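Student: Could you walk me through how to read a few features of this protein model?
Tutor: Gladly; let us take them one by one.

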Amino acid sequence: MKLGVYIHVPYCRTRCPYCDFVSEAVSGAVPELFVEALCTEIKGFDGHPEAGSVFFGGGTPSLMTLDGLARVFEALRSRFVIDSESEITLEANPDDVSRELVQGWRILGVNRLSLGVQSFDDPALRYLGRRHDAEGARRACRIVAELMPRWSMDLIYGARPAEVWPETLREALCFEPGHISVYGLTYEEGTPFDARRGEALEDDDALAYYQAAEHALSGYDHYEISNYAKPGQECRHNLVYWHNETYAGFGTGAYSYINGVRSRNLSGTHKYLAAPGAKEESIVLSPREIRLETVIQHLRLRWGLRRDYYERRFGRGVYADFGNALRDLEARGLIGVSKDGIYPTAQGFYLNNEIGLALVDS
Ligand code: SF4
C-alpha cells in the first residue's frame, strides 16, 4: 500500500488570531535553515518508499522559495517513489499567488493547490486577521483556476459579519473549484480568539450556516464532514487519514502513523532545527485502538465503512468488535446500516463527535 507524505512548513507571514497550528511569523521567505533540516529529515527516512500523495501544509508553504521547494522535491524523490499518479498538494495563501509562482510549482511537480480563501468579504477577512483581502482572493482564484488541473478552496463560516456567508458561497462557486473545504470558526484555547469565545455562533446558527453550505454546494459530493468534491476531485491525501492508513510526516511538529505507531516530531522550531526527525512522542497503539480509530475515521466519510474491508484488514467483523455502540448509534439516528456496511446519516455528519464518543466509550 502506498503511503501519504506530509510536509509541515511552520512559517506564516503573520499569525491569524484564531489559528492553533504550529507556525511562527517570518518576515521573508521560509528560512534556509529549515529547508536544510527538512531535507536532512526526509533523506534519513527508512520506511516504505512508495508515496501515493505528498501534502505541503502549514503554516504557509507558499512562502517557500522555488529554489527551496526544488531541494525538498529532490530530497523527496531520492527517498520515495513519486509517480505521475501521485497527488502533490501545496497549501497557498492568496497573497502569495502569482502566475510565475504557480507555473514554477507546476514545473516542480505540484499538481493540486489548496487555497486559503476563507471568505470573499473584507470585514469577515479582517475579523479573521487574514493578510489578504477579498480582491486578493478573487485574483488568486482566477490564476489558480486557469493554471492548476486540480485545486481546492478553504472557506470559514462564523466570522463576523456572519450573514455574508451565503454570498461567499455564491462567489466561491463562480470559480468552479473541483474541491471545497468548509469549516466552522473555532475559538481555540491558547489563541487570541480564546478571549472572544462569547462571539461564537449559537448552536442553531452554526447548524444553519453548515446547512446553507450543504444547500449551496449541492452540485458537489459532500463526501466528508467538512469537504465537498466534484467526481474524482476528492483529496487523496486526506483519504489516507480517513482510512487510517500509513502516513509519514516531516517538519516541525508533524505527525506520522506507521506500523501502528503514532509519533510526533519536535514542535518547537529551534528544537526541530537542532534535531530534525527527533520525536516528541511515540505511541504504540493496541490492536483494539487501531480498529477503533479505523471505524471512527471511516465514519467521517459519506460512504462510511464497508464490512468486507474491515474483515479483510482485521480478520474479524466490525459488529463483533463494536456491535453495542453501533446498534446504539443506529437507534439514535447517527449512523445508517446497509448490507455492505455502516455510514453516517446527515445527523451523524453534523454531530460526528458523538459517534466518536460512543465508540470510544464502548
Ligand atoms: S495563515 Fe494559516 S497557518 Fe498561518 S496563522 Fe493563518 S490560519 Fe494559521
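Tutor: Let us begin with contacts: two residues are in contact if their C-beta atoms, placed from the backbone, lie within 7 Å. Helices (H or I, at least four residues) and strands (E, at least two) are DSSP runs, numbered from the N terminus. This is a predicted model, where local features need pLDDT of at least 70 and side-chain atom pairs count only at pLDDT 80 or more, while totals for chains, interfaces and linings use all residues. Residues are numbered from 1 along each chain as its sequence is written.

Student: Which residues of α3 and α5 meet?
Tutor: From α3 come R99, V102, Q103 and R106, and they meet I143, V144 and L147 of α5. By class, Ala, Val, Leu, Ile, Met, Phe, Trp, Tyr, Cys and Pro count as nonpolar, Asp, Glu, Lys and Arg as charged, and the others, Gly among them, as polar. The α3–α5 contact then divides into four nonpolar, one polar and two charged residues.

Student: At what angle do the axes of α3 and α5 cross?
Tutor: Axes are lines fitted to C-alpha atoms, for helices over the stretch in contact, and angles run from 0 to 180 degrees between N-to-C directions. Here α3 (residues 99–108) and α5 (residues 134–147) cross at roughly 35 degrees, and their axes come within 10 Å. As for handedness, a crossing is left-handed if the near helix is turned anticlockwise from the far one by less than a right angle, and right-handed if clockwise. The crossing of α3 and α5 is right-handed.

Student: How is α12 oriented relative to α14?
Tutor: Angles under 35 degrees count as roughly parallel, over 145 as roughly antiparallel, 65 to 115 as roughly perpendicular and the rest as oblique. The axes of α12 (residues 318–331) and α14 (residues 352–360) cross at roughly 150 degrees and come within 9 Å. α12 is therefore roughly antiparallel to α14. Their crossing is right-handed. On the α12 side the contact uses F322, A325, D328 and L329, and on the α14 side I355, A358 and L359. That gives six nonpolar, no polar and one charged residues.

Student: And how does α10 pack with α14?
Tutor: Helix α10 (residues 287–298) packs on α14 at an angle of about 160 degrees, with the axes 10 Å apart. So α10 is roughly antiparallel to α14. This crossing is right-handed. L292, V295 and I296 of α10 make the contact with I355, G356, L359 and V360 of α14. Its classes are six nonpolar, one polar and no charged residues.

Student: Which residues have the most contacts inside the largest nonpolar core?
Tutor: In soluble globular proteins, nonpolar side chains tend to be buried together. A nonpolar core is a set of buried Ala, Val, Leu, Ile, Met, Phe, Trp, Tyr and Cys residues joined through C-beta atoms within 7 Å. The largest one has 75 residues, and V5, I7, L38, L115 and V144 have the most contacts inside it. Not counting residues up to four places away in sequence, V5 touches A51, S53, V54, L76, F80 and A248. Apart from that core lies another, of 16 residues, among them L305, V318, F322 and I355.

Student: What should I look for in the backbone?
Tutor: Most residues other than glycine have a negative phi, and most peptide bonds are trans. Q118, in strand β6 (residues 112–118), has a positive phi of about 70 degrees. Q118 is buried, because 24 other C-beta atoms lie within 10 Å. E176, in the loop between α6 and β8 (179–184), has a positive phi near 50 degrees. E176 is exposed, with 12 other C-beta atoms within 10 Å.

Student: Where are the cis peptide bonds from G58 to G59 and between R160 and P161?
Tutor: The G58 to G59 bond has omega near 15 degrees, and G59 is in the loop between β4 (51–58) and α2 (66–79). The bond joining R160 and P161 has omega of about 0 degrees, and P161 lies in the loop between β7 (150–157) and α6 (165–174).

Conventions
Buried ≥ 20, exposed ≤ 12 C-beta atoms within 10 Å, placed from the backbone.
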